[in-house]
Amino acid sequence: MDPRRSERLTEALRAELDEILNYELGDPRMVDSQVSDLILSADGRKAHVRLAMAGSAAEQDECLKAIEKAKGYIRHLLTERVDVYHIPDLRFELDVTPELRGKANLMLRRVRRGRPRPEDAARAE
C-alpha cells in the first residue's frame with residue numbers, strides 16, 4: 001500500500017473510531033477513551049488500536065469487553081463513513097495499564113524534581 005494512502009487511511013480511521021467510541025456506543029460500561037495510536041498493517045487488512053482510558057483497572061477491562069462485543073457494529077459504522085473497499089480487522093488493546101501509568105507519572109515527577117528514590121538515599125548514607 002502506498003505510504004501516503006496508508007497514512008490518510010490511518011488518520012481517517014483514528015478520527016472516526018474516536019468519535020464512535022466516545023459518542024455513539026450506548027453501552028453503560030463505556031468510560032472516556034481516546035484512540036492514542038492506530039497501527040495499520042502493510043497490506044491494510046489489520047489495525048491495532050491502542051486506547052487510553054479513564055477509570056480504574058476494572059472499569060477499563062469492562063470497557064474493553066464492551067468494545068470487543070461491539071466490534072462488528074463499529075466496523076459497520078466505519079464502512080459507512082470511510083470510503084475504502086475493505087475495512088481492516090480491528091484489534092483493541094490498552095495503551096498503558098493503570099499500574100504502569102501511575103508509576104510513570106511518579107517517575108516523571110521524581111525526574112522533574114531531581115530527587116533520588118528513598119532507597120537510594122538510604123544506601124548512600
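Predicted model: local features only at pLDDT ≥ 70, side-chain atom pairs only at ≥ 80, totals over all residues.
**View 1. The protein chain as a whole, with its five helices and three strands.** Followed along the sequence, the elements of the protein chain come in the pattern α-β-β-α-α-β-α-α. The chain has 125 residues, of which 27% count as buried, and it exposes about 8500 Å², with carbon and sulfur atoms supplying 49% of that area.

**View 2. The open sheet of three strands, in the order 1-2-3 and with mixed pairing.** Strand 1 and strand 3 (89-94) stand at the edges and have a single partner strand each, so one side of each is left without a neighbour in the sheet. From one strand to the next, the twist averages 25°. Strands of a sheet pair through backbone hydrogen bonds, in either a parallel or an antiparallel sense.

**View 3. Helix 1 and helix 2 against the strands.** Helix 1 (residues 3-24) packs on the sheet and touches strand 1, strand 2 and strand 3, while its direction makes about 155° with that of strand 1. Helix 2 (residues 57-69) lies across strand 2 and strand 3, and runs at about 175° to strand 3.

**View 4. Ser33 in strand 1 (residues 33-40).** Is Ser33 buried or exposed? Ser33 counts as buried because its relative accessibility is 5%, and buried means under 20%. Leaving aside neighbours within four places in sequence, Ser33 is in contact with Asp18, Leu21, Asn22, Ala52 and Met53.

**View 5. The largest nonpolar core, with its 27 residues.** In soluble globular proteins, nonpolar side chains tend to be buried together. The residues of this core that touch the most other members are Leu17, Leu51, Ile67, Ile74, Leu78 and Phe92. At least two residues of the core are supplied by each of helix 1, strand 1, strand 2, helix 2, helix 3 (71-81) and strand 3, and the largest share, five residues, comes from helix 1. When residues up to four places away in sequence are not counted, Ile67 touches Leu21, Met30, Leu51, Met53, Ile74 and Phe92.

How values were computed: Residues numbered from 1 in each chain as written. Heavy atoms only, no water. Helix = DSSP H or I, 4+ residues; strand = E, 2+ residues; numbered from the N terminus. Buried < 20%, exposed > 50% of the residue type's maximum accessible area, 1.4 Å probe, protein only. Contact = heavy atoms within 4.5 Å. Pairing = 2+ DSSP bridges. Axes fitted to C-alpha atoms, helices over the stretch in contact; angles between N-to-C directions. Core = buried A, V, L, I, M, F, W, Y, C linked by side-chain atoms within 4.5 Å. Areas by Shrake-Rupley, 256 points an atom, 1.4 Å probe, with all protein chains shown as cover.
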